Structure formats: C-alpha cells, structure tokens
Protein chains: 2
Amino acid sequence: MALRLTAAADDFSARFDALLSTKREVSEDVDQAVAAILADVKARGDAALIDLSRRFDRVDLEAVGIRVAPDEIAAARAACDAEALDALTLARDRIEAHHRRQMPADESYVDPIGVELGHRWTPVDSVGLYVPGGTAAYPSSVLMNAVPAKVAGVERLAMVVPAPDGALSPLVLAAAEIAGVDEVFRIGGAQAVGALAYGTETVRPVAKIVGPGNAYVAAAKRRVFGTVGIDMIAGPSEVLIVADHTGNPDWIAADLLAQAEHDASAQSILITDDPELADAVEAAVERQLTTLPRKDIAAASWRDYGAIIVVPDIGAAAPLANRIAAEHLEIIAEDGDALAQAIRHAGAIFLGGHTPEAIGDYVGGSNHVLPTARTARFASGLGVLDFLKRTSILRCGPEQLRLIGPAAVTLGRAEGLEAHARSVAIRMNPGG
Amino acid sequence: MALRLTAAADDFSARFDALLSTKREVSEDVDQAVAAILADVKARGDAALIDLSRRFDRVDLEAVGIRVAPDEIAAARAACDAEALDALTLARDRIEAHHRRQMPADESYVDPIGVELGHRWTPVDSVGLYVPGGTAAYPSSVLMNAVPAKVAGVERLAMVVPAPDGALSPLVLAAAEIAGVDEVFRIGGAQAVGALAYGTETVRPVAKIVGPGNAYVAAAKRRVFGTVGIDMIAGPSEVLIVADHTGNPDWIAADLLAQAEHDASAQSILITDDPELADAVEAAVERQLTTLPRKDIAAASWRDYGAIIVVPDIGAAAPLANRIAAEHLEIIAEDGDALAQAIRHAGAIFLGGHTPEAIGDYVGGSNHVLPTARTARFASGLGVLDFLKRTSILRCGPEQLRLIGPAAVTLGRAEGLEAHARSVAIRMNPGG
C-alpha cells in the first residue's frame with residue numbers, strides 16, 4: 001500500500017514537501033576507505049588491483065588476467081542466446097541513429113566590427129566505462145554509455161567490470177563487443193576507478209570516467225574528479241506517471257512496478273485527477289505484484305516510497321511534476337502535449353499510453369542514463385555532448401584591437417592587472 | 001629565468017613529462033573543516049552565516065545585513081569610474097551577443113518506423129554565483145559567469161561575495177548590476193556555498209552553483225555536488241604560446257607576463273621553432289618584469305613554472321600543445337590556421353599576433369572561464385549550455401510497439417527484470 005495524497009487536503013503541501021525530501025539512500029560513509037584504496041592503486045598499480053580484487057571479489061587476477069582477452073569475449077558472445085543478441089543489435093542501431101543527431105556543429109563567424117569568433121568540438125580521447133557486476137550487470141547500460149562515446153568519436157573506450165567469484169555476465173561482454181568497446185578489464189569498485197584515473201602497468205589512464213556504481217564507486221569518482229572528468233553520480237531510479245481517465249490502470253500499474261523492481265529504494269509515483277483510476281491502479285499493483293519474480297523488492301519500494309496523488313484537475317499535475325523533477329515522466333492524458341509543454345524539469349518524458357518507460361530503457365533510441373533524485377533541475381541525461389568538449393576560437397586584427405582594446409586596457413587596470421593592460425596596449429602603440 | 005627545453009635533446013621526453021606533471025597547487029586538506037562548516041550552515045542557517053562571517057571575514061552581518069541592499073549597489077555603481085563602467089557595459093554587450101549564438105535548438109523528429117523522438121532545452125531555475133573577495137574580486141568574472149546564465153533564461157541569479165573587514169569592491173557590485181544579477185549576499189567561503197545549496201532564512205537555495213574560489217570553496221562545491229549542480233573546479237591559470245619567426249618578442253613577452261601576474265602558481269609556456277625568438281622573448285620578459293606592479297608574483301611564476309621549448313619545426317608544436325591541453329593557447333605563425341586545425345585539446349585558441357589573451361579575458365565576447373590544469377582534455381569553457389538542461393521526449397504508438405516491443409521484452413527478461421518485460425508485453429497483447 002503506497003502513500004495516498006489528495007491535493008485538496010489541508011495538509012497536502014506539508015505532506016508533498018515531506019515526500020520530496022524523503023531520503024531514499026542510506027548514505028554510507030565510505031570516503032576514508034575509498035581514499036586508501038585510491039592511494040594504494042596509485043602507488044602500487046597492478047599489484048594493488050590484484051590484492052584488492054582477491055579481497056573484495058574473491059578472484060585471482062594473476063591466474064585469469066586483469067584484461068579480459070578478446071577470445072574470452074568472443075566465447076562469451078557465442079554462448080549467448082541469439083534472440084538476446086539480436087535485441088542488443090537492434091537497440092545498438094537505434095541508440096546510434098538517435099545519438100548521431102546530437103552531434104553539434106562547429107561555428108565560425110565574423111561579428112559587426114570584424115572580430116572572428118567561433119568554436120570547435122573535439123572528442124575526449126579516452127573514456128573509462130564502469131559497469132557494475134553481479135545482479136546489476138545490465139547489458140543495456142553498456143550500450144547506453146558506450147554508443148554515444150563512439151558516436152562522439154572517442155578513440156579508446158575501456159570498460160571495467162568486477163568479476164565476483166570470477167564470474168562475468170556473457171551478455172555484458174557481448175554488449176561491449178556490439179557497442180565497440182575497445183578494452184575490457186576484470187576489475188571493479190574504487191580500485192577500478194583508481195586504475196582508470198591514474199593508470200597502472202596494464203590499464204592505461206583515461207581522460208573521463210562514466211557509468212553507474214555503488215557507494216564506493218561514487219565516492220571514488222567524486223575524488224578523482226579533476227584528474228579526470230566524470231559523469232553525474234546516479235542515485236536510485238524513479239518514475240512519475242501523470243494520467244487522466246484515459247489511462248489504462250493495468251498498464252500504469254505495470255509501469256509503476258517496472259520501476260519498483262529495480263531496487264527497494266526506487267520510487268514510483270502516480271498523479272491523476274481521476275480518483276477511480278487511482279483506486280484501480282492501486283488494486284492492479286497489488287494483483288500484479290503477486291506473480292513478479294522480484295516481488296519482494298518491488299513491494300518494498302512501492303510500500304516505502306510509492307505514492308498516488310489525486311489532483312483536482314490534470315493541469316495541476318504540471319507544477320507538482322516540476323517540483324518532483326523526475327528521472328522518468330510518463331504522460332498519459334487527453335491533452336498530453338499541452339501537459340508536456342508545461343514540464344520544465346524531467347530527465348525524459350514518455351508520451352501516450354503506448355510508450356512504457358521500459359521502451360526507453362532498451363530500444364527507443366534515446367538514452368536511459370538520466371538524472372535521478374531531483375537532479376533534473378540542473379542536469380541532463382547522458383548524450384554525445386558528454387564525450388565532446390568545445391574549444392573557443394578568437395581572432396582580432398589591428399583594427400579590432402583599436403576598437404575594443406581600450407576597454408580591455410581599462411578593465412585590466414581596474415582589476416589591478418597591469419600586465420594584462422600592457423599586453424593589449426603594446427599592440428595598440430607599436431612604438432611603446 | 002624560465003625552464004628551457006629543446007625538443008632535439010636526448011632527455012626531452014622525460015623533461016617534458018616532468019613539466020606536464022608539475023603540481024602547481026599546494027593541496028590543502030580542508031575537507032574536514034569544510035564538512036563542519038556545511039553542517040553548521042545546514043543546521044543553523046543565518047545564525048551560522050553570522051558567526052562564521054564574524055570569524056573569517058571580521059564583518060558583523062547583524063549590523064550590515066546578509067543581503068546587499070539595492071541602494072548599496074546603486075551607490076557603489078555611482079562611485080565607480082565612468083570609463084570603467086563603459087568598459088564593463090561594452091564587455092557585457094559583446095559577451096551577451098556571442099553567447100546568444102550558443103542557444104541550442106530543440107529537436108523533434110519521427111524516425112523511419114514512426115517513433116517520435118526529440119528533446120527540449122530548459123533553463124536551470126536558479127543559480128548561485130560565487131565571487132571571491134579581496135584582491136581576486138574581478139568584475140570581469142562576474143560578467144563571464146552571470147551573462148551566459150541570463151542568456152540561458154535563468155530566472156534567479158544569486159551572487160555571493162565575501163566582505164573581508166566589511167569591504168566590497170564597488171566595481172564588482174556594479175558588474176553584478178550590469179550583468180543582471182538578481183540578489184547579492186555579503187558572504188563567502190564554504191559557508192556561502194552551504195547557504196546557496198541548503199538555503200537559510202535569508203538565502204533561498206539554488207539549483208546550481210558556479211564561480212571560482214579558494215580551496216575551501218572548491219571543497220565545499222565538491223561536497224554539495226548532487227544536492228546542487230556545480231561547474232568545474234578551477235585551478236591556477238595558464239597560457240601556452242606557439243610562435244614562429246613572425247612573432248613579435250615584446251608582444252609575446254607581454255602575454256607571458258599577463259598570465260604570470262595572476263598568481264605565483266600560474267604558468268606561461270612558449271613553444272617556438274626559432275631559437276632567436278626564444279632568446280629575444282626571454283630577454284624581453286626580464287626587461288618588462290622590472291616595471292610591473294605585480295613583478296614579484298609574475299617573476300615567481302615565470303621562474304618556477306615558466307618554460308620555453310624549442311622545436312625543430314613549428315608543426316612539432318601541435319602534439320606538444322595537445323599534451324599540455326592549455327587553458328589558453330595563442331598561435332602566432334605564418335600558417336596559424338593549419339596549426340589551429342591540428343589542436344585537439346585547448347580551452348580557447350587566440351589566433352594571430354593581434355589577439356592577446358587579455359582581449360579574451362575582457363571584451364572578445366567569448367568566455368574567460370576555461371578548463372585549467374590539463375582538464376581541456378575532457379572539459380569545455382563555461383557557456384550557455386551550463387545553464388540549460390535537456391529533457392528527452394519519446395512517443396510510440398501501437399504499431400511502433402509491435403515492431404520494437406519484442407526486443408524490449410527480450411532484454412528485460414535477459415536482465416532479470418520481468419516487470420520491465422511485462423510493462424511492454426501487456427500493451428502488445430491487450431487481452432493478456
């Protein structure tokens with residue numbers, strides 16, 4: 001039984017605020033442990049990776065190798081179900097086609113006084129992709145991180161994935177090959193982040209690290225930020241469904257549960273103006289839960305963090321949705337387009353009854369790496385831009401310097417930076 | 001006397017590596033102090049700001065107010081030199097015109113099988129701008145951070161600036177007004193970052209914090225990252241000048257010193273294929289140094305981190321420049337355009353003898369907030385995109401679900417996420 005709120009209730013504002021500020025993550029203080037692991041990898045390289053993997057993953061990298069050999073990847077792919085490989089290939093093709101359209105254009109123009117301005121986009125040379133091991137090893141995440149990097153033109157894409165008790169997911173290795181990953185290393189945790197950031201004898205350092213991970217991985221990424229670039233720090237996943245009477249309660253319940261099955265701290269919220277739909281969805285959730293393999297996880301998420309909010313009219317859903325700033329927002333309503341237009345903060349919007357969020361997770365073509373935990377207020381989903389950087393370009397001639405140089409000289413002096421002023425003035429008075 | 005390297009020397013590679021890995025910043029371990037300050041601001045709000053500002057800035061905020069009143073800003077502006085205000089206005093106009101061209105377009109398209117894909121850009125609602133106090137209070141930096149935010153459509157731009165001993169720079173306050181900053185608060189350090197991230201009675205929280213600061217500010221930004229967005233963590237500034245025999249040694253020396261005067265850990269490097277130019281620049285630096293107001297700082301920077309590298313031909317400068325990945329790169333050479341094309345990593349390129357980097361600092365129009373310390377390998381300068389975020393949009397109909405739904409079902413099951421699979425399957429088999 002999830003939380004039920006009614007916008008008309010006197011205490012709604014306070015209860016909605018409480019829902020927004022609910023902490024869904026146990027913050028583990030792993031920072032000191034991570035600092036020690038990073039220092040160890042920096043100092044001892046491969047030897048540290050071997051020791052730490054033995055301790056944390058119970059795997060002997062001296063025996064099986066830090067790098068996963070190409071023939072091991074080929075063998076893994078051969079062992080995969082053909083249907084799954086076809087589905088991964090379809091997904092790869094759709095993700096690639098969509099992300100190719102994100103490639104930004106270079107620019108160069110001359111402004112009214114003759115100054116030449118512009119910028120050029122170039123790819124990051126090398127990127128590390130962190131892939132969690134065990135049950136959270138998702139081949140779809142490999143595609144979602146690797147394909148945009150390759151579309152951007154990243155030359156070297158190195159993937160790290162822990163092998164707990166020696167085991168690697170064959171479908172994860174196959175996804176790496178399908179996505180064009182260049183190197184795969186059998187390491188995880190903070191030590192893998194350290195290896196990618198600092199380099200070891202076997203792992204050459206990269207310029208940027210992306211991909212989700214547990215608290216150790218997140219803390220390690222935060223610590224190496226600056227030495228390398230990092231992507232966002234992902235929190236537990238969430239979906240918000242805004243639906244009016246046109247919504248099918250069974251479909252909506254299925255989508256709420258698809259989110260809830262991720263983990264017990266996932267969050268599923270329905271906002272509707274139809275109290276009957278609210279009741280029908282709630283009943284359908286309970287009914288569908290009983291037959292789910294991950295029903296314990298999904299039930300815990302729905303019980304602890306799920307919510308159904310009834311609003312007086314569906315237009316009232318938009319301001320609430322903007323405050324929630326959900327990672328995933330489904331809109332199923334007669335005037336869904338108008339509602340979507342009123343949304344300012346969301347990672348991704350899924351429009352209409354035939355766009356379950358799971359389509360976006362796998363084969364829609366858009367990226368499933370999206371800002372969680374209200375960070376859609378300031379962050380975007382992963383895309384090609386995350387693997388490119390912009391160099392600005394400026395060119396003046398003597399005439400332009402004559403026109404705008406004096407203002408630069410004035411500002412340099414006003415800031416107490418005389419050498420700045422002189423570097424401009426010396427060109428304006430070639431004699432001086 | 002700066003370091004002199006010759007690419008033809010046997011030990012060049014090792015000495016160039018050493019130059020690249022030189023640490024220019026004393027890393028202060030302020031993290032525990034910052035954690036305590038942030039916790040204090042979170043717990044006690046304004047009261048903490050008042051206590052901490054009394055301790056660190058020797059200012060009584062109970063007497064003068066946390067917020068800088070509009071009439072105080074107007075009075076500051078009235079006290080400024082008219083020429084400086086005109087220069088700031090010119091700079092603002094040029095920065096605004098350039099950044100307007102960076103506004104990205106929304107996209108919406110229908111793919112070959114009828115799936116509708118797209119994205120919409122929306123501004124961050126509220127942004128906090130950190131401005132250092134004291135000698136590093138640069139009005140130009142206020143413009144460079146604030147103008148792109150306003151161009152992006154940020155509704156609320158709140159600036160924080162410490163007032164050591166009660167003093168605020170009138171020109172910084174004037175720049176805030178000229179740039180359209182909405183609120184100014186007389187606070188600095190980690191406590192100002194905490195106020196912007198968590199909010200206090202007087203300071204409403206923001207969604208993103210940008211702007212440079214000392215080690216405390218940097219550590220605080222790193223800690224609040226996730227609660228709010230942050231920009232890059234800036235390190236000491238640097239310039240690389242690539243010049244052939246066409247370069248004017250006096251002009252080049254002036255540019256090297258303009259960088260060196262920033263602070264003792266700034267870095268200025270010249271790469272040239274002309275040994276005579278190298279000697280002439282070195283002599284000009286020593287000559288120009290003697291009359292600089294900030295000669296002690298500039299001399300220390302040039303002595304400790306400056307370098308002149310002589311290469312056999314100017315084309316050999318490009319791969320070295322890519323390894324340096326300089327914040328600022330000046331190219332002064334006969335075939336400068338070809339050299340610029342070969343650059344993959346740089347924050348900004350300044351082309352030709354009449355484009356001193358200081359033009360870009362103030363009035364060029366491009367942004368002067370640029371990636372330092374080799375981070376141009378993965379990061380870009382500040383721009384309008386830093387104040388926008390992208391919401392992806394996806395819409396399928398029954399026909400599209402029939403075509404790509406089965407692959408989503410397959411992948412959901414392959415990942416052990418049965419509820420994902422069912423949320424798609426239930427729409428494909430409306431009976432089931």
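Me: What should I know before reading any values?

Reply: This is a predicted model: local features need pLDDT of at least 70, side-chain atom pairs count only at pLDDT 80 or more, and totals for chains, interfaces and linings use all residues. Residues are numbered from 1 along each chain as its sequence is written, chains are lettered from A and ligands numbered from 1 in the order in which they are written, and side-chain values use heavy atoms, with hydrogens and water left out.

Me: How many helices and strands in chain A?

Reply: Chain A has 18 helices and 14 strands. Both are DSSP runs numbered from the N terminus: helices are H or I with at least four residues, strands E with at least two. The C-alpha atoms fill a box of roughly 85 × 60 × 40 Å along the principal axes.

Me: What share of chain A counts as buried?

Reply: Of its 432 residues, 61%. Buried means under 20% relative accessible area, exposed over 50%, partly exposed in between (1.4 Å probe, protein chains only).

Me: What's the strand order in the open sheet of 5 strands?

Reply: In chain A the order is β6-β5-β4-β7-β8, with parallel pairing. Two strands pair if DSSP finds at least two bridges between them.

Me: Which strands stand at the edges?

Reply: β6 (183-185) and β8 (229-230) of chain A. Each has a single partner strand, so one side of each is left without a neighbour in the sheet. β5 (residues 156-160) pairs with β6(A) over 3 bridges, in the parallel sense. Within that pairing, Ala158(A) has Glu183(A) as its bridge partner.

Me: Which strands does helix α9 of chain A touch?

Reply: Helix α9 (residues 189-198) packs on the sheet and touches β4 (126-130), β5 and β7 (208-210) of chain A. Contact means heavy atoms within 4.5 Å. The direction of α9 makes about 175° with that of β4(A). Axes are lines fitted to C-alpha atoms, for helices over the stretch in contact, and angles run from 0 to 180 degrees between N-to-C directions.

Me: Switching topic. Where does UniProt place the "binding site" feature?

Reply: The unreviewed entry gives Gln259(A), His262(A), Asp361(A) and His420(A). UniProt positions are in the numbering used here, feature names are shortened, and annotations may be inferred rather than shown by experiment.

Me: How far apart are the farthest two C-alpha atoms?

Reply: 55.8 Å, and the positions span 162 residues in sequence, so they do not all gather at one spot.

Me: Take His420(A). Buried or exposed?

Reply: His420(A) counts as buried, at 1% relative accessibility. His420(A) lies in helix α18 (residues 418-428) of chain A. Setting aside residues up to four places away in sequence, His420(A) touches Gly412(A), and in chain B Ala258(B), Glu261(B), His262(B), Ala358(B), Asp361(B) and Tyr362(B).

Me: And what does His262(A) contact?

Reply: Beyond neighbours within four places in sequence, the contacts of His262(A) include Tyr138(A), Arg294(A), Leu417(B) and His420(B). His262(A) sits in the loop between α11 (249-260) and β10 (267-272) of chain A. At 21%, His262(A) is partly exposed.

Me: What area is buried between chain A and chain B?

Reply: About 10,200 Å², with carbon and sulfur atoms giving 57%. That is the accessible area (1.4 Å probe) that two parts lose on being put together, summed over both. In chain A, Phe378(A), Arg390(A) and Arg427(A) lose the most, together 8% of what that side buries. The contact takes 119 residues from chain A and 120 residues from chain B.

Me: How many salt bridges between chain A and chain B?

Reply: 10. A salt bridge is a side-chain nitrogen of Lys or Arg within 4 Å of a carboxyl oxygen of Asp or Glu. One joins Arg427(A) and Asp255(B), at 2.7 Å from N to O. Another joins Arg344(B) and Asp125(A), at 3.1 Å.

Me: What about Arg4(A): which residue does it form a salt bridge with?

Reply: Glu282(A), with the closest N and O atoms 2.9 Å apart. Arg4(A) is in strand β1 (residues 3-6) and Glu282(A) in helix α12 (residues 275-289) of chain A, 278 residues apart. Arg4(A) is partly exposed at 30%, whereas Glu282(A) is buried at 10%.

Me: Last one. What is phi of Asp165(A)?

Reply: Near 55°, a positive value in a residue other than glycine. Most residues other than glycine have a negative phi. Asp165(A) is in the loop between β5 and α8 (170-179) of chain A, and is exposed at 54%. Ala373(A) also has a positive phi, about 50°, and is partly exposed at 40%.
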